[in-house]
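Here's a quick briefing to read with the model open next to you. Have a look at the fold first, then work through the notes below by topic.

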Amino acid sequence: MGSGDGRVVYLTATLGGEAFGVEHSIGLADGSINAGKILEDSKTVPVGKAKVVQGDFLSDDVDLGGYDIIFFFDGGTVERRRLEAKLVEQMREDAILVCYHQKQPFTSLKYLRKKPARLFGQEEGKTAIYVRK
Ligand SMILES: C[S@@+](CC[C@H](N)C(=O)[O-])C[C@H]1O[C@@H](n2cnc3c(N)ncnc32)[C@H](O)[C@@H]1O
């Protein structure tokens with residue numbers, strides 16, 4: 001959700017996943033869609049199962065119920081109440097939500113692990129993993 005330059009989407013595809021990104025910024029969305037074409041043409045990175053669209057992840061067009069893993073890097077500009085309500089409504093029972101750099105937790109969801117932690121040695125923020133309550 002909010003796929004930015006598309007790096008998480010394309011990285012997930014290189015690991016064999018089927019990945020979908022939605023990005024609100026027209027510039028970032030166009031740039032990442034273009035990057036996907038370049039990667040595909042290069043035939044070096046398997047991006048066939050990756051897709052980025054320009055749009056708003058809060059809109060009714062985006063249904064979060066079809067995903068095993070949802071990733072969100074909280075840039076702080078999101079209507080978090082609407083987002084949390086949407087996650088509670090649409091996230092599957094067996095899905096996980098990976099949240100990076102959250103200033104405030106989603107209290108309507110529960111942590112999969114005890115609390116947010118730093119992963120892989122990165123220093124600038126913590127990662128929380130949520131599941132439905
Ligand atoms: C902090 S950046 C993270 C980008 C990317 N996920 C990453 O990890 O590199 C947050 C992104 O979410 C996008 N965004 C914020 N609200 C959004 C919304 N309602 N729908 C779609 N994208 C949104 C912003 O434009 C921005 O690119």
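This is a predicted model: local features need pLDDT of at least 70, side-chain atom pairs count only at pLDDT 80 or more; totals for chains, interfaces and linings use all residues.

Domain bounds here come from an automatic or database domain assignment. Residues are numbered from 1 along each chain as its sequence is written.

- Helices (H or I, at least four residues) and strands (E, at least two) are DSSP runs, numbered from the N terminus.
- For the classes, Ala, Val, Leu, Ile, Met, Phe, Trp, Tyr, Cys and Pro are nonpolar, Asp, Glu, Lys and Arg are charged, and the others, Gly among them, are polar.

**Two domains**

- The C-alpha centres of domain 1 and domain 2 lie 19 Å apart.
- Five residues from domain 1 and 11 residues from domain 2 make up the contact. Two residues are in contact if their C-beta atoms, placed from the backbone, lie within 7 Å.
- On the side of domain 1 that touches domain 2, you'll find four nonpolar, one polar and no charged residues.

**Helix 1**

- Val9, Tyr10 and Ala13 are the buried residues of helix 1. Buried means that 20 or more other C-beta atoms lie within 10 Å of a residue's own, exposed means 12 or fewer, and partly exposed is in between, with C-beta atoms placed from the backbone.
- Looking down the axis of helix 1, its buried residues fall within an arc of 90°, so they line one face of the helix. The arc is that of the directions from the helix axis to the C-beta atoms.
- Those buried residues of helix 1 pack against strand 1, helix 2 and strand 2.
- Just after helix 1, Gly16 has a positive phi of about 100°.

**Helix 2**

- Helix 2 (residues 26-42) has 17 residues and spans 24 Å from its first C-alpha to its last, close to the 24 Å expected at 1.5 Å a residue. That expected span is 1.5 Å times one less than the number of residues.
- Which residues of helix 2 are buried? They are Ala29, Ser32 and Gly36, and they cover an arc of only 70° around the axis, which puts them on the same side of helix 2.
- Over on the other side of helix 2, the exposed residues are Ile26, Gly27, Asn34, Lys37, Ile38, Asp41 and Ser42.
- The buried residues of helix 2 pack against helix 1, strand 1 and strand 2 (50-54).

**Ala19 in strand 1**

- Ala19 sits in strand 1 and counts as buried because it has 23 C-beta neighbours inside 10 Å.
- Leaving out residues up to four places away in sequence, Ala19 touches Val9, Thr12, Ala13, Lys49 and Ala50.

**Loop residues**

- Lys43 is in the loop between helix 2 and strand 2, and has a positive phi of about 55° although it is not a glycine.
- Why does Lys43 count as exposed? Lys43 has 8 C-beta neighbours inside 10 Å.
- His101 is in the loop between strand 4 (96-100) and strand 5 (109-111). His101 isn't a glycine either, yet has a positive phi of about 65°.
- With 16 other C-beta atoms within 10 Å, His101 is partly exposed.
- Gly55 lies in the loop between strand 2 and strand 3 (69-73), and is partly exposed with 14 other C-beta atoms within 10 Å.
- Not counting residues up to four places away in sequence, Gly55 touches Val22, His24, Asp61 and Val62.
- Gly55 and Leu112 are 57 residues apart in sequence and 29 Å apart in space, C-alpha to C-alpha.
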